[in-house]
Amino acid sequence: MDIDEVLPAIEESEEQPPALEAFIPGTHVLGKDEILEPDDSVYIMRHSMDVTWSCLSFDVLRDSLGDERQRYPATAYVVAGTQADQASENELSVFKMSSLHRTRTGGDDEEEEEEEEEEEEDLDEDPVLEFRSVPHNGGVNRVRVQPLPPSAPLPPVSQPYYTATWADTGKVHIWDIRPLLESIDTPGYSWDKSRTNKPTFTINSHGRAEGFAMDWAASGGANPSALRLLTGDIHSKIYLTTSTPSGFNALTQPFASHTSSVEDIQWSPSEPTVFASCSADRSIQIWDVRSRGRRSVTGIKPAHKKDVNVISWNRNTSYLLLSGGDDGAIRVWDLRNVSKTGSPGDVPSPVAAFTWHSAPITSIEWHPTEDSIFAASGADDQVTLWDLGVEQDDEEVGAPMNETPEGGREVPAQLLFIHQGQRDIKEIHWHPQIPGAVISTALDGFNIFKTISV
């Protein structure tokens, strides 16, 4: 070819790449070869971690790294129990999630962050998951860690840090996991197996009836170190276990007003003798441990059209209670509207109700410091973040929250965020020391994320 020959200009195609579209469950359906890709521009942090055996339940552990943490990479500690194929292979594990870096979006903000964090440029962006485990007889239905006073440091290794497990054998075990935490942070530390590898105490009150409902509370008042643990089983019974200077004491008389499986329990954040429970009998019951006969003092029935699976008591506005049911509905109750048992009055209406999820609600929890924000998870593989403080636009006032327009699905104004990508999500928790961070467990492991919305 002659070097002076001029090649014709290449015409630029006027076709633009297809615009990215948000996937809205219930409106869009994935094609045969399509997969969901996360939009990292809406995440401040997002990590996935696989585990050997899936965990049905977990709880967030207190650490000594400080409150209101904003710096990255972040670190979080959780305790979880497994659902292994064989009962003898189950474990109770303490996990340390570290190297939780900020999500990189490739924009100008990232360049500014890299300049500010030059010392961290060479760090691996993948999270690190470490764990220490002890054997656990039977699958773990639920795990709950003892409460510690707000902003209190982690107890020294010489003092216990208790975690309770609801086993599918019908037993509730109380473990001292403080040495496991020490081992995961201190190279060469070897824990005393007689202290940690066996339960400190086992509750046999439920016989062979397994359960899921469980919640701790600190007694407060004259004896702030005393602990109380409530456990509810599939045979509708709730038992109270208390701590004493010499150990634990399981009380033998059950609380009995439900007529079916007790699914969840929550102590009142403001009244130390009051607790709430929900059940497959479609009710929410409110109890006072001082009441004679161990019967509920008030309740809501029916609270849902089907089983009530989970509840959460607002720690900042103590008259608000959340519930999630098998019907996929989320409801917010004002307990000031609930009449005492035996008093005349209609079943109260929820102050807010949402039917966004298309499958049973599996977990629900108020934000630890923001009284209008909560998170929920469902068997439809969604984790949703909500803010009751968001109001509808003027033109939407008077219209049903979940009205479905032609060709699409109305997104409630209060729905801030939908997190997807996990299969069979079982439980979610906010991290109380990392504002806005949410941890979820599912069939395919853990997710930890923080969005730009909360």
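# A tour of the chain

Start by selecting Arg142, which at 9% relative accessibility counts as buried. Buried means under 20% relative accessible area, exposed means over 50%, and partly exposed is in between (1.4 Å probe, protein chains only). Before you click on, know that this is a predicted model, where local features need pLDDT of at least 70, side-chain atom pairs count only at pLDDT 80 or more, and totals for chains, interfaces and linings use all residues. Residues are numbered from 1 along each chain as its sequence is written, and side-chain values use heavy atoms, with hydrogens and water left out.

**Stop 1: a salt bridge**

Strands and helices here are DSSP runs, numbered from the N terminus: helices are H or I with at least four residues, strands are E with at least two.

**Stop 2**

Next, select Glu182 and Arg178, whose closest N and O atoms are 3.1 Å apart in a salt bridge. They are four residues apart in helix α2 (residues 178-185), which means about one helical turn separates them. Arg178 is buried, with a relative accessible area of 7%.

Now jump to Lys426 and Asp424, another salt bridge, with the closest N and O atoms 3.4 Å apart. Lys426 is partly exposed at 29%, and Asp424 is partly exposed at 32%. Then colour Arg142, Arg144, Asp264 and Glu427 together, as salt bridges that share partners join them into one network. How many salt bridges does the structure hold? It has 11.

**Stop 3**

Go back to Asp424 and look at its backbone: phi is near 60 degrees, a positive value in a residue other than glycine. Asp424 lies in the loop between β25 (415-419) and β26 (425-430).

Glu68 also has a positive phi, about 55 degrees, though it is not a glycine. You'll find Glu68 in the loop between β2 and β3, and it is exposed, with a relative accessible area of 52%.

Still in the loop between β2 (55-60) and β3 (74-82), select Pro73. A cis peptide bond joins Tyr72 to Pro73, with omega about 5 degrees. Lys301 and Pro302 are joined by a cis peptide bond as well, with omega about 0 degrees; Pro302 is in the loop between β17 (298-300) and β18 (308-313).

**Stop 4: the cores**

Which residues have the most contacts inside the largest nonpolar core? Select Leu100, Ile439 and Phe446: they do, in a core of 19 residues. (A nonpolar core is a set of buried Ala, Val, Leu, Ile, Met, Phe, Trp, Tyr and Cys residues joined through side-chain atoms within 4.5 Å.) β1, β2, β3, β4, β27 and β28 each supply at least two of its residues, and the largest share, four residues, comes from β3.

Zoom in on Leu100. Leaving aside neighbours within four places in sequence, its contacts (heavy atoms within 4.5 Å) include Met45, Tyr72, Pro73, Pro127 and Ile448. Apart from this core lies another, of 18 residues, among them Val79, Leu92, Leu181 and Ile184.

**Stop 5: a sheet**

Select β18, β19, β20 and β21: they form an open sheet of four strands in that order, paired antiparallel. (Two strands pair if DSSP finds at least two bridges between them.) β18 and β21 (352-354) stand at the edges with a single partner strand each, so one side of each has no neighbour in the sheet. Click Gly324 and look across: it stands opposite Ile330 in β20.

**Last stop: zoom out**

Show the protein chain as a cartoon, and you have three helices and 28 strands. Of its 454 residues, 47% are buried.

How values were computed:
A salt bridge is a side-chain nitrogen of Lys or Arg within 4 Å of a carboxyl oxygen of Asp or Glu.
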